[in-house]
Amino acid sequence: MTVVEQTTPAAPAKQKQVSQSYWALVWWKFKRNRIAVLGGILLLSFYFGFVFIPEFLSPYELNHTSDFVEAPPTKLHFIDTEGKFHLQPFVYGMERKLDFKTRARTYVEDTTRMYPISLFIHGDEYKLLGFIPSDLHLYGVDQKANPEAIVLIMGADALGRDWFTRILYGGRLSLMIGLIGQVMTIIFGMTLGVMSGYYGGMIDQVIQRTTEFLNAFPDIPLFMALAAAIPTFWSPIAVYFMLTIILSFVRWGGLARQVRGLILSLREREYVLAAKSAGASDARIMFRHLLPGTMSHVIVIATLAIPGMILSETALSWLGLGLRAPLTSWGVLLQDAATVRAIHTTPWELWTVPFILVTILAYNMLGDGLRDALDPYGTR
Amino acid sequence: MAPDMQTQTTEAKAKPRNLLEVKGLKKYFPIQKGLLRKTVGYVKAVDDVNFFVREGETLGLVGESGCGKSTAGRSIIRLYEPTAGDVLFRSRHLGGEGNGLINLMGLPPDKMKTIRKEISMVFQDPINSLNPRMTVSDIVGEPMFIHGQRMGPETEAVIVNLLERVGLRPDHLRRYPHEFSGGQRQRIGIARALSLNPQLVICDEPVSALDVSIQAQTLNLLQDLQQDFNLSYIFVAHDLSVVQHISDRVAVMYVGKVAEIADAEELYSAPLHPYTEALLSAVPKADPLYKSDRIVMQGDVADPSNPPSGCYFHPRCRYAQEVCKLKNPELRELKPDHFVACHRAEELKLEGI
Amino acid sequence: MSKPLHDPLIEVKDLRVEFDVRAGIVKAVDGLTLTIHRGKTLGVIGESGCGKSMTARAILNMIPKPGKITNGEIIYHRRMKNSLESQVDDIIDLTKVDPDGKVIRQIRGGEIGMIFQEPMSSLTPVYTAGVHINEAVSLHHLVPLQKVGDQIGEQVQAHRKVTKEESRVIAIDMLRRVGIPKPEERVDNYPHQLSGGQRQRVMIAVALSCEPAMLIADEPTTALDVSIEAQILDIMRDLQQSANMAIMFITHNLGVIASMAEEIVVMYMGKAVEQGKVLEIFQNPKHPYTQALLRSIPKLGKKKTGERLASITGMVPDPFNLPTGCVFHPRCPMFMAGKCDKIAPQWKKVGEDHSVSCLLYE
């Protein structure tokens with residue numbers, strides 16, 4: 001009656017391989033994909049910079065207006081008019097001139113006034129993360145000593161606000177709407193998808209027909225209809241949350257279908273039967289055994305869908321149906337640059353576009369890498 | 001049908017009591033077609049099956065693919081809700097009426113959950129039967145967790161004990177299923193099945209996916225555990241020699257019905273059903289000198305959604321007569337403890353091994 | 001066929017197949033030598049991962065990436081069909097031919113047929129796409145949406161240049177020979193309309209339609225029920241006799257091998273450990289692994305109650321970390337310390353047509 005005889009490990013017992021969980025294997029494989037890691041690093045820094053510390057990165061406060069209306073980007077100089085090299089970059093003062101013929105504003109540099117740009121300079125006051133009072137900015141000119149000086153690395157808008165500052169603050173809303181919207185989509189989509197796949201029957205029918213109904217609508221008109229239904233007197237923040245809900249409401253269907261398909265195949269796995277035969281409840285089977293199995297797919301789908309979310313916000317806001325001033329998002333900023341006149345006179349307002357592009361590209365790089373990494377056992 | 005099976009057999013000798021009695025068990029899967037999912041027919045996977053399991057014994061359930069042996073096993077513990085029939089079980093936790101047996105059909109969910117402590121399952125596929133995202137400790141401990149035992153040092157000690165019992169090391173506790181070989185995974189599955197100290201274990205093709213040498217280890221382990229824990233097994237398999245090796249009694253199934261049930265030795269040496277005879281003859285023997293007049297069954301296994309008339313085996317049976325096409329034979333006890341469903345069982349002289 | 005025993009068809013000499021994967025090099029086949037004679041059946045048995053399927057693939061030069069034949073030769077004695085017996089055979093080393101070239105394409109399917117346990121999954125990765133459509137089509141017997149008749153027809157056409165009508169006649173005839181009822185109707189059926197046993201028969205028909213000199217059968221009946229298995233084995237035996245075809249029969253089922261093979265090679269971890277006549281192997285096994293393997297299967301009809309099976313202790317070793325000396329020594333009941341773990345055993349003749357690779361006999 002000894003089973004011990006059978007346990008003799010055949011291979012030398014010194015297995016150096018440490019036990020690796022599924023996610024450890026995923027991480028190991030993901031790390032090897034440089035493009036995906038680059039995408040991930042870009043996104044992490046974007047989210048950190050735009051969502052948490054735009055106040056610090058920008059030289060001014062969001063609503064810091066100035067007289068420099070629609071000023072072009074200020075040039076950074078290292079060498080002054082006398083040919084002397086300065087280690088610390090500086091800007092010249094700007095003077096506004098009105099061209100009486102074309103009635104256009106032009107700005108010329110006044111080389112007599114030099115303002116050095118410093119790092120970690122004290123300027124506008126703000127509260128970091130909403131509660132840490134500070135007035136430290138990454139870069140800028142000393143406002144106390146030279147109130148007339150200004151640094152606008154991406155130009156200014158019609159109210160004389162620094163465009164780079166606005167992009168940073170706008171990124172906060174645009175990036176968050178993608179993330180929050182996607183989280184809500186996942187919650188909707190997974191819950192309904194799991195129920196649909198696990199219970200089948202009537203529940204399945206109702207959920208599937210609803211997703212088909214939603215999918216049958218063209219996106220933009222549906223957004224427009226829903227967005228138009230948001231009362232105009234709502235506060236911009238309420239509009240923002242409403243918009244997030246609308247975006248995820250329209251998009252959960254696709255995810256729910258994919259999850260349902262996965263559940264249908266996982267449901268027949270013997271480990272699900274094993275749990276059932278041990279007396280596990282439906283909820284336990286769904287959330288302990290079925291959902292984790294779909295996580296990898298859901299993460300990939302979600303990662304690749306966030307850009308769509310961000311673009312939808314941008315498109316809606318650009319159409320004037322999404323976020324509105326005084327809120328600042330990338331869509332709102334694009335709307336400012338939406339006219340031919342704006343592109344002609346203030347082309348620097350298109351600086352928003354590269355930020356959107358890089359974000360979307362980074363998401364796709366990350367998503368593709370995740371898709372490869374989440375199947376670490378290879379093709380089985 | 002043999003509703004009085006149990007009474008007859010218990011009178012015969014002082015055999016152990018019946019632990020489980022399956023009576024008239026049916027499981028039909030609907031075939032749905034079209035937009036409105038109209039039911040156009042049924043796959044009669046299990047069609048009026050009767051058998052019983054005595055305490056401490058192993059009942060082998062053998063048959064070709066599609067004969068409903070796995071479905072029958074799963075229907076007993078209502079993994080698939082049976083279409084009809086009764087499953088009577090002698091529970092330690094719940095008292096039954098009269099003869100001490102409790103009917104699992106129609107049992108409310110909370111009581112059924114208690115029963116699940118006493119009947120557990122071992123599955124076929126060593127890859128699919130363990131959740132790849134859970135550690136060995138989670139997998140083996142899950143049944144205990146479901147039945148209200150919190151994870152802690154005590155539970156872990158129980159798990160370690162189980163692992164050692166099935167021939168795994170305690171340091172395997174934190175590992176994931178993909179780090180084990182097929183045979184080891186099957187041991188994990190067996191440890192899980194034993195974690196609630198069951199009376200009856202339904203083994204669903206537990207060694208079919210394993211290599212020959214690993215298969216022998218696993219069969220030995222199952223036999224050891226049976227003695228140590230006083231377990232009863234329902235052993236579902238398609239390999240006749242494996243079933244013979246491990247079983248005390250064997251039930252042969254064909255297209256959802258039981259063709260024959262008997263003591264293992266008797267069934268193999270003196271079968272009463274032509275299907276059993278043909279099946280035994282068809283098994284390739286690991287002996288190059290063995291030359292037999294092999295009975296080659298013609299055609300394929302009948303389609304359970306559209307079975308033939310009368311006896312389902314008659315189109316392939318070399319002894320078939322007119323009555324076999326017309327009447328469905330009932331399972332009857334021809335000799336003590338030897339049940340067969342064949343019209344001609346008395347007159348035929350069949351060969352065993 | 002004057003001297004059937006010394007009429008070799010395939011001679012595998014010191015074959016090594018290695019897989020260079022991330023975690024290291026796996027020796028799938030490690031110094032294997034065997035001979036397949038014309039018209040005879042060689043059984044190859046072993047547990048999963050012992051390299052028996054890789055040997056078969058090496059013969060057809062179809063090792064999947066990242067595997068490679070790193071050593072040895074596979075001598076194929078090619079005899080043209082319809083030629084006189086006195087004619088000298090062409091001698092081809094199959095390891096040297098271009099794996100996508102014309103010669104091997106003629107051999108594959110045309111002169112050496114193959115049946116798999118699962119045709120779809122075991123074939124796809126091996127072929128480079130589009131290079132030899134004919135080959136792919138003919139070996140992918142069960143491509144969906146292709147009629148059974150077409151598949152056999154294509155095979156015949158690819159290798160023999162016959163007309164469409166002729167190939168249909170051949171297809172029907174082949175289906176009849178493998179025992180498919182109503183072949184005139186079945187020839188127009190799609191694979192999903194056939195049962196598992198019928199599909200396997202169609203596969204055999206496809207493989208045999210060009211009257212190959214050898215058939216490689218890789219676990220051809222493992223997925224089938226015993227009643228169907230018996231039918232298929234009967235068909236294979238009949239066809240072998242009528243066509244004087246050699247069969248390399250790969251399986252882990254000792255019962256099947258006992259009834260099919262004349263000679264047996266037992267493999268363990270990429271190496272052959274024992275080979276000989278089927279009777280010798282079953283009645284007088286020499287290698288401890290063969291002995292254990294034979295003892296570990298439950299025997300039908302000879303039962304003592306409560307009997308335990310003799311099992312091989314331990315597990316198959318890690319392929320990246322093979323034991324030194326004899327690869328079987330950690331599991332061997334006859335282990336001799338200081339010897340088996342140090343010295344790699346050599347082949348030793350222990351009887352007529354029976355040799356073993358074990359230090360017990362050296």
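Trainee: How many residues of domain 1 of chain A are in contact with domain 2 of chain A?
Mentor: Keep in mind that this is a predicted model. The domain assignment gives domain 1 as 77-159 and domain 2 as 165-373 in chain A, and their C-alpha centres lie 39 Å apart. On the domain 2 side, 6 residues take part, and on the domain 1 side the number is 4.

Trainee: Moving to helix α2 of chain A, why do its buried residues line one face?
Mentor: The helix covers residues 22-31, and Y22(A), L25(A), V26(A) and F30(A) are its buried residues. In general, an α-helix has 3.6 residues a turn, so residues three or four places apart point the same way. Looking down the axis of α2(A), the buried residues line one face because they fall within an arc of 135°.

Trainee: And what do those buried residues of α2(A) pack against?
Mentor: The partners are helices of chain A too. By residue range they are 34-52, 282-318 and 352-373, in other words α3, α10 and α13 of chain A.

Trainee: On to the chains. Which residues of chain B lose the most area to chain A?
Mentor: Here 42 residues of chain B are in contact with 33 of chain A. The two chains bury about 3,300 Å² between them, 52% of it on carbon and sulfur atoms. Together giving 19% of what the chain B side buries, the residues you want are N128(B), R133(B) and H178(B).

Trainee: Which element gives the largest share of the side of chain B that touches chain A?
Mentor: Polar links first: there are 3 salt bridges between these chains, one of them joining D138(B) to R288(A) at 3.5 Å, N to O, and 11 residue pairs in polar contact. At least two residues each come from α3 (109-118), β6 (119-122), α4 (136-146), α6 (182-194) and α7 (212-229) of chain B. With 6 residues, the largest share is that of α7(B).

Trainee: Which residue of chain C forms a salt bridge with D224(B)?
Mentor: Chain B has 42 residues in contact with 44 of chain C, and the pair buries about 3,600 Å², 57% of it on carbon and sulfur atoms. The count between them is 1 salt bridge. Its closest N and O atoms are 2.5 Å apart, and the chain C partner is R308(C).

Trainee: Which element gives the largest share of the side of chain B that touches chain C?
Mentor: The rule finds 10 residue pairs in polar contact across this interface. Elements giving two or more residues on the chain B side are α7, α8 (240-246), α9 (264-269) and α10 (274-282) of chain B. The largest share is 10 residues, and the element is α7(B).

How values were computed
Residues numbered from 1 in each chain as written. Chains lettered and ligands numbered in written order. Predicted model: local features only at pLDDT ≥ 70, side-chain atom pairs only at ≥ 80, totals over all residues. Heavy atoms only, no water. Buried < 20%, exposed > 50% of the residue type's maximum accessible area, 1.4 Å probe, protein only. Helix = DSSP H or I, 4+ residues; strand = E, 2+ residues; numbered from the N terminus. Arc of directions from axis to C-beta. Contact = heavy atoms within 4.5 Å. Domains from an automatic or database assignment. Buried area = accessible area lost by both parts, 1.4 Å probe. Salt bridge = Lys/Arg side-chain N within 4 Å of Asp/Glu carboxyl O. Polar contact = N/O pair within 3.5 Å; in protein donor to acceptor, adjacent residues only side chain to side chain.
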